[in-house]
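Visitor: I would like to learn how to read pockets and the surroundings of a ligand. Where do we begin?

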Amino acid sequence: MELFDKIAETTAFISGRIAHQPKVGVILGSGLGSLAEIMEKEVFIPYHSIPHFPVSTVEGHAGALIFGKLSGVDTVLMAGRFHYYEGYDMAELTFPVRVMKALGVETLMVSNAAGGMNTSFKIGDLMIITDHINLFPEHPLRGRNDERLGTRFPDMSEPYDKHLVAAAKNIAAEMGIDVKSGVYIGLQGPTFETPAEYRWLHVIGGDAVGMSTVPEVIVARHGGMRVFAVSVITDLGISDEPIKITHEEVLEAAGEAAPKMAALVQGLIKML
Ligand code: HPA
């Protein structure tokens, strides 16, 4: 079946279960579930029940679409995302973004846990993503282009909406949340980086590095959605002594910063 037809089937399945069309889509990163707690939840659809949806395999990822209201705005949350390192191909892992677009989502908000390379960052900082570098080995738009989904050669001069970036900085200042901003580098994982790799990623222009986000953002831009994204810095790659990192520490640091991230995203949605 063609991607376009799969999207249509999945969208029809979901539309039959929700009362309100979502305007905003949110992808929750590892350990960043607290936004789901503050949402006025209406409908919960586990991934395994949705036709054509992949099923997530990583600890700390619930695996459901949650529909409801955030700041009074109809929103769909992806609680649990799909990563390239799990073995999905790019079309599979970005399929939910296609479906969000088809459901009526205009603005996509993406969160992730990331390692910091910028030496002014500390663990627990929020970094608003202003740009990215794509180091994934496969591109989500590789292959025949379906013009119904987007143009063959999408412009990427402003992947992250600059009005949303500016608004988020203002909201953070009003809320007394210290935010950083910078460039996110996306690569496949699942190994964390070697000390030399963190240094190299910093030299080529990265402030933070992670294993997600870039494929979803590319597909969202292909589909013409506005994008806002934020990283929680869960570990620091550049230091005098190499620092060991575990997934558990990443989840713990993300969990501690999650309420701040949720407040920022909620504040931003209120303003849309
Ligand atoms: N590198 C890659 N991905 C990550 C990191 C990291 O240091 N921290 C959280 N996700």
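Guide: Rolling a probe the size of a water molecule over the atoms shows where empty space is left. On a 1 Å grid over the protein atoms alone, a pocket is an open set of points with protein on both sides within 12 Å along at least five of seven lines, whereas in a cavity a 1.4 Å probe fits but cannot get out; lining residues have an atom within 4 Å of a point. The model is predicted, with pLDDT of at least 70 needed for local features and 80 or more for side-chain atom pairs, while totals for chains, interfaces and linings use all residues. Residues are numbered from 1 along each chain as its sequence is written, and side-chain values use heavy atoms, leaving out hydrogens and water.

Visitor: Which residues lie nearest the centre of the largest pocket?

Guide: They are Leu3, Ala91, Pro140, Arg142 and Arg144, out of 24 lining residues. The volume, meaning the space filled by probe spheres set on points joined across faces, edges and corners, is about 510 Å³ for this pocket.

Visitor: Which pocket does the ligand sit in?

Guide: A molecule sits in a pocket if more than half of its atoms lie within 2 Å of the pocket's grid points. Here the ligand sits in the second largest pocket, which has a volume of about 320 Å³. Ala113, Phe192, Met211, His247 and Val250 are the closest to its centre among the 24 residues that line it.

Visitor: Which element gives the most to the lining of the second largest pocket?

Guide: Strands (E, at least two residues) and helices (H or I, at least four) are DSSP runs numbered from the N terminus. β5 gives the most to this lining, with 4 residues. The largest share of the shell around the ligand, 3 residues, is also from β5.

Visitor: Which residues are around the ligand?

Guide: A residue counts as near if one of its heavy atoms lies within 4 Å of the molecule. The residues around the ligand include Ala113, Gly115, Tyr198, Thr234 and Asp235.
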